[in-house]
Amino acid sequence: SALASASATATAAATAPNQQKGISGFIAKFFSSSKDSNEYAPSGPAVASASLDLCMPVLFNFHLFMMATKFIPKDTADSTDVDDTPNKEEPDDVTSSSIPAQVLPLLFLTILTVRVILPLKSRRRFWGTIKSAIISPLTGVTFRDELIGEVFTSLVRPMQDLSFALFYYFSSIYGILSGEVDLEDTGAAIEQSLLLHNLVLPICAVLPLFCRFLQTLRQAYNDQQRWPHLGNAFKYLTSSLVIIYGLTHAEEGRNICWHLGFVACVIYQLWWDVFVDWELFVFSSPGTIEVRDELAFLDSTVGASSSWNTWITRYISRMEFRQQRLFKSKKNYWRILILNCCLRSCWMLAFIPAYHWNTRTGSMEKTSSVDAKNVMGFLISIAELLRRCCWVILRLELETIKLTDREYTSSNGNPYYSQSNNMSIGGGGGGWNNQVQYTCLMPRGDGLSALSPIVASSTQTQTMAMKWTAYRLLAKKLFCLELFLWVVAYLGFGLCVATLG
């Protein structure tokens, strides 16, 4: 018995590391991008073919559903008497009553569910790409993950429709199997569902924004730079606050502050698209005379209105298209720019569903009168997808130029990126290639250490070099804490906005 117990103990001790290694290996494999996922790049015709494969059954099923519901009597739910009057469409009525029209969406959703899983190889690569974008705040953000995150924010309305369809699907299946709920009553039950309107649909709206917000923070952590990543994070933070307030408050109860915040967010998003995401415009360097005139303007106190107009005119006259462009004609850029300006508000409108269940009054409130009209809600979704496609074209163009043109830099002509190679002592985000700094914690030396740790380590003693190493480690930890406070601010402000009376 002693030998048997010793053998069992040894076996358990030998298998424990293997089990621990298996669990840690599974976690590492889950949070790592697979090779197939990284190489998954379907061609344009393949994507168009897959879209047609899905669109044709959708249209055919929609046609059958409309034909099936066309001959259902309007007084079926209210009338309990049997009408013996002959009807020319009696066979159709019998067919529609024996096979309810609500069965057709259930059958089609079942087919789509199977289509999402099969074939396994291509679906595994597809879902691997989606998984890589979702977990990128934990593993590292690539340009592909960033682009997919941006596209996700434009697919909120289709995601909400899909969530509603899945909610209807599982509710109907449960009603069929249990026999407690009839198919005709499932739609009415879902319309009054607190879980769907106050939890599922808001999560579908906020989750893509929050994921993209975390991606920007991860990019700031990897680059150890505040700009431009925190500026992008601020864009998603402000947009989320406006959207969360619109999600949780009736349209009639919104004050002027919400409308002003909506307009301010749209203006900031337009500015960010043009000058940061696209880097579409650059500013030519002013001459010596222009600089002297501008400095004189700053010191002048007479004729403020005319001076401001002159300064703004000069500032705008220096603005021009960037020299590196892939499209020869400037008309293409102007068309995309005008389309983006006209449809930019659709991005935020697409996040707000038509209705919200008020838990205080116990009634359904209208949160978007525009979306309450089915045609307008559909048009908003189409307009946002069209705008996003045009946005992606210029975003991909800029990334292609950065990869192929070694002479192109973001600081070339762009006033929002510093052209200085020296570290910013004051703010920590002064340049594209500068790491974040905390001036009050910098090691003090003979003055050279305040400029660069490399100079300090080569001219000062070994002690000073060790101090700089410790300072960089401390600065990295403090910056991580700073990014964590951004997450706390996002969640805290979002909760406060949602609970405002």
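**Figure 1. The salt bridge between Arg212 and Glu146.** In this predicted model, Arg212 pairs with Glu146 in a salt bridge whose closest N and O atoms are 3.4 Å apart, the term standing for a side-chain nitrogen of Lys or Arg within 4 Å of a carboxyl oxygen of Asp or Glu. Because Arg212 belongs to helix 11 and Glu146 to helix 8 (residues 143-154), the pair ties together parts that are 66 residues apart in sequence; helices (H or I, at least four residues) and strands (E, at least two) are DSSP runs, numbered from the N terminus. Arg212 and Glu146 are both buried, where buried means under 20% relative accessible area, exposed means over 50%, and partly exposed lies in between, with a 1.4 Å probe and protein chains only. Side chains of opposite charge can pair when their charged atoms come close. Residues are numbered from 1 along each chain as its sequence is written, and side-chain values use heavy atoms, with hydrogens and water left out. Since the model is predicted, local features need pLDDT of at least 70 and side-chain atom pairs count only at pLDDT 80 or more, whereas totals for chains, interfaces and linings use all residues.

Figure 2. The side chains of Arg226 and Glu482 form a salt bridge at 3.0 Å, N to O. This pair links distant parts of the chain, with Arg226 in the loop between helix 11 and helix 12 and Glu482 in helix 20 (residues 462-498), 256 residues apart; Arg226 and Glu482 are buried. A salt bridge also joins the side chains of Arg344 and Asp273, at 2.7 Å, N to O. Here, too, distant parts of the chain are linked, Arg344 being in helix 16 (residues 330-349) and Asp273 in helix 13, 71 residues apart, and both Arg344 and Asp273 are buried. Salt bridges that share partners join Glu146, Glu150, Arg212, Arg388, Arg395 and Glu399 into one network, and the structure holds eleven salt bridges.

**Figure 3. Aromatic rings around Tyr268 and Trp271.** The structure holds 21 aromatic pairs, which are defined for rings of Phe, Tyr and Trp (its six-membered ring) with centres within 6.5 Å, planes under 30 degrees apart counting as stacked, over 60 as edge-to-face and the rest as tilted. Tyr268 and Trp271 form a stacked pair, 5.8 Å centre to centre and with 25 degrees between the planes. Both residues lie in helix 13 (residues 256-277), three residues apart, or about one turn of the helix. Tyr268 is partly exposed at a relative accessible area of 22%, and Trp271 is partly exposed with a relative accessible area of 22%. Ring pairs connect residues into a cluster, among them Trp227, Phe234, Tyr268, Trp271, Trp272 and Phe275.

**Figure 4. Arginine side chains over tryptophan rings.** Arg254 lies over the face of Trp258, at 4.6 Å from the ring centre, while Arg388 lies over the face of Trp391, at 4.7 Å from the ring centre. A charge sits over a ring if NZ of Lys or CZ of Arg is within 6 Å of the ring centre and within 35 degrees of the ring normal.

Figure 5. Val242, in helix 12 (residues 229-248), counts as buried because its relative accessibility is 10%. Not counting residues up to four places away in sequence, Val242 touches Trp258, Gly261, Phe262, Cys265 and Met348, a contact meaning heavy atoms within 4.5 Å. Thr216 lies in helix 11 (residues 194-223) and is buried, with a relative accessible area of 0%; leaving aside its neighbours within four places in sequence, Thr216 is in contact with His229, Asn232, Ala233 and Tyr236.

**Figure 6. A nonpolar patch on the surface.** Val114, Val116, Ile117, Leu118, Leu120, Phe126 and Trp127 form a nonpolar patch with about 630 Å² of accessible area together. The elements giving two or more residues to the nonpolar patch are helix 5 (103-117) and helix 6 (120-134). Patches are made of residues with over 30% relative accessible area and no salt bridge, like charges being joined within 9 Å and nonpolar side chains (Val, Leu, Ile, Met, Phe, Trp, Tyr) within 5 Å; accessible areas come from the Shrake-Rupley method with a 1.4 Å probe, and for residues only the protein chains shown count as cover. Trp127 lies in helix 6 and counts as partly exposed, at 44% relative accessibility.
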